[in-house]
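Please read the points below with the sequence and the model open beside them. They are meant for someone meeting this structure for the first time.

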Amino acid sequence: MRYVCSICGYVYDEAKQGKPFAALPETWTCPLCGAAKSAFAPEAAAKSAAPAPTVAPHAPVHGDMQKLSPGALSILCSNLARGCEKQYKEEEAALFREIANWFAAAAPAARETGVDALASRIGEDLAAYPTLNAAAVQAGDRGTQRICVWGEKVTAILKTLVERYRREGEAMLRDTDIWVCSVCGFAYVGKEPPQLCPVCKVPAWKFEKIEGRASA
């Protein structure tokens with residue numbers, strides 16, 4: 001049996017590895033992107049789960065419009081800036097970053113903090129991607145479709161990292177570093193960044209090391 005990582009596509013082949021996937025410890029992670037074991041699915045199931053390039057029958061594409069908060073708009077503009085960077089459109093990227101910073105400054109302080117609140121927000125984001133992608137497909141907007149592919153994978157790795165943190169606590173971050181891809185936002189925990197970003201395929205030098213806060 002072969003199991004596929006839903007984030008980077010790495011294949012765990014039981015025949016080659018000589019060990020059943022089920023026998024791997026729950027702390028095992030993808031050797032390429034660091035995703036949790038829960039991010040893997042049997043190869044046949046992973047292929048069948050791939051989204052079809054059509055609009056979901058009940059997706060509210062034009063109706064049920066929702067007013068976005070300043071925080072959500074800041075995130076949206078930040079993602080658009082990264083998309084522009086990927087296409088070497090530096091002027092447009094700078095404008096989107098400026099707008100993102102303006103909305104970030106206007107956003108109220110978070111009312112809920114902590115791991116549980118973060119996990120809840122990540123779950124909400126993941127649930128929204130199918131509807132957004134459906135609208136992009138219907139509009140023929142290939143740029144937004146690419147953003148959806150990247151964004152969903154980036155959010156999915158955050159979900160697995162939160163799962164690991166819940167299970168391992170501070171030990172997960174001991175003697176290691178956190179790296180974030182400056183193009184797509186992919187997060188990686190390790191002493192060195194991956195040679196290629198598992199999501200957008202940029203080289204390691206595009207990753208930024210996230211420094212911890214100075215203690216009071």
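**Notes on cysteines, helix packing and loops**

1. Cys-197 is buried, having a relative accessible area of 0%, where buried stands for under 20% relative accessible area, exposed for over 50% and partly exposed for what lies in between, with a 1.4 Å probe and protein chains only. This is a predicted model, in which local features need pLDDT of at least 70 and side-chain atom pairs count only at pLDDT 80 or more, while totals for chains, interfaces and linings use all residues. Residues are numbered from 1 along each chain as its sequence is written, and side-chain values use heavy atoms, with hydrogens and water left out.

2. How many disulfides does a search of the whole structure find? The search gives 0 disulfides, a disulfide being a pair of cysteine sulfur atoms within 2.5 Å. Cys-197 is accordingly in no disulfide, and the nearest cysteine sulfur, which belongs to Cys-184, is 3.5 Å away. For Cys-200 the closest cysteine sulfur is that of Cys-181, at 3.6 Å, which is too far for a bond; Cys-200 is also buried, with a relative accessible area of 5%.

3. Helix H3 (residues 70-86) and helix H4 (residues 90-106) have axes that come within 8 Å and cross at roughly 165 degrees, so that H3 is roughly antiparallel to H4. Helices (H or I, at least four residues) and strands (E, at least two) are DSSP runs numbered from the N terminus, and axes are lines fitted to C-alpha atoms, for helices over the stretch in contact, with angles from 0 to 180 degrees between N-to-C directions. Angles under 35 degrees count as roughly parallel, over 145 as roughly antiparallel, 65 to 115 as roughly perpendicular and the rest as oblique.

4. The contact between these two helices (heavy atoms within 4.5 Å) involves residues of H3 including Leu-73, Cys-77 and Leu-80, and residues of H4 including Phe-96, Ile-99 and Phe-103. Sorted by class, the contact of H3 with H4 has 13 nonpolar, 2 polar and 3 charged residues; Ala, Val, Leu, Ile, Met, Phe, Trp, Tyr, Cys and Pro count as nonpolar, Asp, Glu, Lys and Arg as charged, and the others, Gly among them, as polar.

5. Helix H5 (residues 115-139) packs with H6 at an angle of about 160 degrees, their axes being 9 Å apart, and the two are therefore roughly antiparallel to each other. Among the residues making the contact are Leu-118, Ile-122 and Tyr-129 of H5, together with Cys-148, Leu-158 and Tyr-165 of H6. By class, the contact of H5 with H6 has 14 nonpolar, 5 polar and 5 charged residues.

6. Two loop residues deserve a look for their backbone angles. Asp-175, in the loop between helix H6 (142-168) and strand S4 (177-181), has a positive phi of about 55 degrees although it is not a glycine, and Asp-175 is exposed, with a relative accessible area of 67%. Lys-201, in the loop between strand S5 (187-190) and strand S6 (207-210), has a phi near 70 degrees, again positive in a residue other than glycine, and at 49% relative accessibility Lys-201 counts as partly exposed.

7. Leaving aside residues up to four places away in sequence, Asp-177 touches Tyr-188, Val-189, Gly-190, Lys-191 and Lys-209.
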